[in-house]
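Subject: Structure handover

Hello,

Here is the structure you will be taking over. My notes on what was found in it follow below.

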Amino acid sequence: MNCDPDVFGADPVNIRWAVVRGDTSTLKVEFLDNDEITYFDNSGWTYSASAYDKKTDIVDILDVTAHNGYVTITANSDITSQWGTTYGGTVAELYFDLQVTLNDNTVWTPIIGIISVVGDVGTGL
């Protein structure tokens, strides 16, 4: 995703993230400079991500880890194990987003989307 300062606040990227219920799943979000190769300087930015299940009206906070030029969003197994109640196929769809607070306190949402939860059939380890 291009992070030229002139496009902050532009339409967020809308993605579908597939997660198997009960698994830990990580999504990498890269912030690229205009050349679309070099990581953008994201030092000092703060992040938050959450998932919302409209059927249960529950918001889950997702872990966000900042790296030089990118972040990873992690849905841990203790959270994903609560998503959906049936087996097989898509058992739940949750809305999610990533919010960034830039160095000048501007709040920007670069990513929105749907988490498609695939039902597990195992009983765990």
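Rings of Phe, Tyr and Trp, the last by its six-membered ring, pair if their centres lie within 6.5 Å. Please keep in mind that this is a predicted model.

Aromatic rings

The search of the whole structure gives 8 aromatic pairs. In one of them, the ring centres of Tyr-39 and Tyr-70 are 5.5 Å apart and the planes are at 40 degrees, so this pair is tilted. The two residues are 31 apart and link distant parts of the chain: Tyr-39 is in the loop between β2 (25-30) and β3 (46-53), and Tyr-70 is in strand β5 (residues 70-75). Tyr-39 is partly exposed, at 31% relative accessible area, while Tyr-70 is buried, at 19%.

Phe-40 and Trp-45 make another tilted pair, with centres 5.8 Å apart and planes at 40 degrees. Phe-40 counts as buried at 14% relative accessibility, and Trp-45 is buried with a relative accessible area of 9%. Both belong to one aromatic cluster, formed by Phe-31, Phe-40, Trp-45, Tyr-47 and Trp-108.

Charges over rings

The charged end of Lys-28 sits over the ring of Tyr-70, 4.3 Å from its centre. Likewise, Arg-21 has its charged end over the ring of Tyr-87, 5.4 Å from the ring centre.

Largest pocket

The largest pocket holds about 200 Å³ of space. It is lined by 14 residues, and the closest to its centre are Asp-53, Lys-55, Val-91, Ala-92 and Glu-93. Strand β6 (residues 90-101) gives the most to this lining, with 5 residues. By type, the lining has 6 nonpolar, 4 polar and 4 charged residues.

Regards

Definitions and conventions:
Residues are numbered from 1 along each chain as its sequence is written. This is a predicted model: local features need pLDDT of at least 70, side-chain atom pairs count only at pLDDT 80 or more; totals for chains, interfaces and linings use all residues. Side-chain values use heavy atoms; hydrogens and water are left out. On a 1 Å grid over the protein atoms alone, a cavity is a set of points where a 1.4 Å probe fits but cannot get out, and a pocket is an open set with protein on both sides within 12 Å along at least five of seven lines; lining residues have an atom within 4 Å of a point. Grid points are joined across faces, edges and corners, and a volume is the space filled by probe spheres set on the points. Helices (H or I, at least four residues) and strands (E, at least two) are DSSP runs, numbered from the N terminus. Ala, Val, Leu, Ile, Met, Phe, Trp, Tyr, Cys and Pro count as nonpolar, Asp, Glu, Lys and Arg as charged, and the others, Gly among them, as polar. Rings of Phe, Tyr and Trp (its six-membered ring) pair if their centres lie within 6.5 Å; planes under 30 degrees apart count as stacked, over 60 as edge-to-face and the rest as tilted. Buried means under 20% relative accessible area, exposed over 50%, partly exposed in between (1.4 Å probe, protein chains only). A charge sits over a ring if NZ of Lys or CZ of Arg is within 6 Å of the ring centre and within 35 degrees of the ring normal.
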